[in-house]
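Dear colleague,

I am passing on a structure for you to look at, and below it you will find my notes on what turned up. Please keep the model open while you read, so that each place can be found as it is mentioned.

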Amino acid sequence: MQFQQLQYFVAVAETRHFTRAAETVHVAQPSLSQQIKALERELGADLFRRARGNITLTDAGEALLPLARRILADADTARHEVQEVAQLRSGRVRLGATPSLCTGLLPDVLRAFHDRYPGVRLLVEESGSHDLVRELARGALDLALVVLPLPSPSPALTTVELLREDLVVVSSPDAPFPGRGRRAVRIADLEGERLVMFRHGYDLRELTVAACRAEGFEPEFAVEGGEMDAVLGFVRAGLGVAVVPRMVAARSGHGLRVTPLARPGLHRTIALAHRSDVAPPRAARELQQMLLER
């Protein structure tokens with residue numbers, strides 16, 4: 001008994017027609033008929049009653065049908081499981097993240113993932129949440145770390161909250177203390193401070209500017225348009241102060257003074273997003289689990 005013969009048998013049983021069954025399994029009708037006859041010889045019983053324009057199952061065919069379906073389903077499951085295992089040996093994960101998360105959250109998690117699955121290629125795209133949502137929607141990414149709320153909420157994306165992170169003020173140790181030397185800086189204390197500001201499209205830019213405007217003033221920029229590394233470098237050089245995530249400040253603390261924001265402070269919510277209509281590949285699901293458990 002051959003696996004292919006069972007496929008042909010189930011196709012005929014479901015279509016009750018040899019020609020249509022042959023079209024379903026993409027084989028010539030004479031070849032399908034020959035394989036069905038060979039299966040019947042192997043089993044020692046007719047599986048179909050063949051009358052002009054009327055194909056029905058015999059008792060033997062009725063007994064074989066659920067078993068054949070189960071065998072085919074088990075074979076599909078086995079194929080899927082093997083492919084999933086193979087993905088963890090040589091697959092890839094396309095991960096998007098904002099630059100601040102690439103600096104703060106990802107290095108330790110990606111190192112642990114690489115140690116566990118050294119054959120899986122990690123492709124990381126740095127961008128703002130706006131761009132990452134668009135890349136997810138068009139299938140260019142498997143997963144993305146984004147800042148909530150999403151710039152344009154989409155039912156096509158599923159998000160799982162990872163963490164809520166405090167923002168802090170960083171400044172050069174050689175510069176005067178921001179906020180007139182207070183242990184915690186209020187947003188109102190940033191009025192008159194020269195800010196080093198991220199480029200347009202950064203969630204941190206929009207959050208900081210909105211917080212200043214809520215306190216009744218327009219922030220003053222010493223320099224703007226930079227990515228995360230550039231902003232931190234400008235602050236170290238004494239060009240101004242910046243509002244950055246606590247994790248970034250902790251990893252980049254050399255040459256920086258870190259001052260918390262006074263309550264209620266500023267926070268941002270980080271989430272892991274993927275498409276709702278397509279399950280991420282096995283390797284991506286493994287990375288997703290490691291991020292959730294970090």
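**The largest pocket**

Helix H8 gives the most to the lining of the largest pocket, with four residues. Please bear in mind that this is a predicted model, in which local features need pLDDT of at least 70 and side-chain atom pairs count only at pLDDT 80 or more, while totals for chains, interfaces and linings use all residues. Residues are numbered from 1 along each chain as its sequence is written, and side-chain values use heavy atoms, with hydrogens and water left out.

A pocket is found on a 1 Å grid over the protein atoms alone, as an open set of points with protein on both sides within 12 Å along at least five of seven lines, and its lining residues have an atom within 4 Å of a point. The volume of the largest pocket is about 210 Å³, where a volume is the space filled by probe spheres set on the points, and grid points are joined across faces, edges and corners. Its lining has 13 residues, and those nearest the centre are Val147, Leu148, Pro149, Asp203 and Leu207. Strand S5 (143-148), helix H8 (203-214) and strand S11 (267-275) each supply at least two lining residues; helices (H or I, at least four residues) and strands (E, at least two) are DSSP runs, numbered from the N terminus. By class, the lining has seven nonpolar, three polar and three charged residues, with Ala, Val, Leu, Ile, Met, Phe, Trp, Tyr, Cys and Pro counted as nonpolar, Asp, Glu, Lys and Arg as charged, and the others, Gly among them, as polar.

**The cavity**

A cavity, by contrast, is a set of points where a 1.4 Å probe fits but cannot get out, and the count comes to one cavity of 30 Å³ or more. The largest cavity has a volume of about 60 Å³, and among the residues that line it are Thr98, Ser127, Tyr202, Asp203 and Arg268. Helix H5 (99-104) and H8 are the elements that give two or more residues to this lining, which by class has three nonpolar, five polar and two charged residues.

**Two helix pairs**

Helix H1 (residues 3-15) and helix H3 (residues 29-43) pack at an angle of about 105 degrees, with their axes 9 Å apart; axes are lines fitted to C-alpha atoms, for helices over the stretch in contact, and angles run from 0 to 180 degrees between N-to-C directions. That makes H1 roughly perpendicular to H3, because angles of 65 to 115 degrees count as such, those under 35 as roughly parallel, those over 145 as roughly antiparallel and the rest as oblique. The contact (heavy atoms within 4.5 Å) involves residues including Leu6 and Phe9 of H1 and Ile36 and Leu39 of H3, and its residues divide into eight nonpolar, two polar and no charged.

Helix H6 (residues 106-116) and helix H11 (residues 282-293) pack at an angle of about 130 degrees, with their axes 10 Å apart, which makes H6 oblique to H11. Here the residues of the contact divide into nine nonpolar, no polar and two charged.

With best wishes
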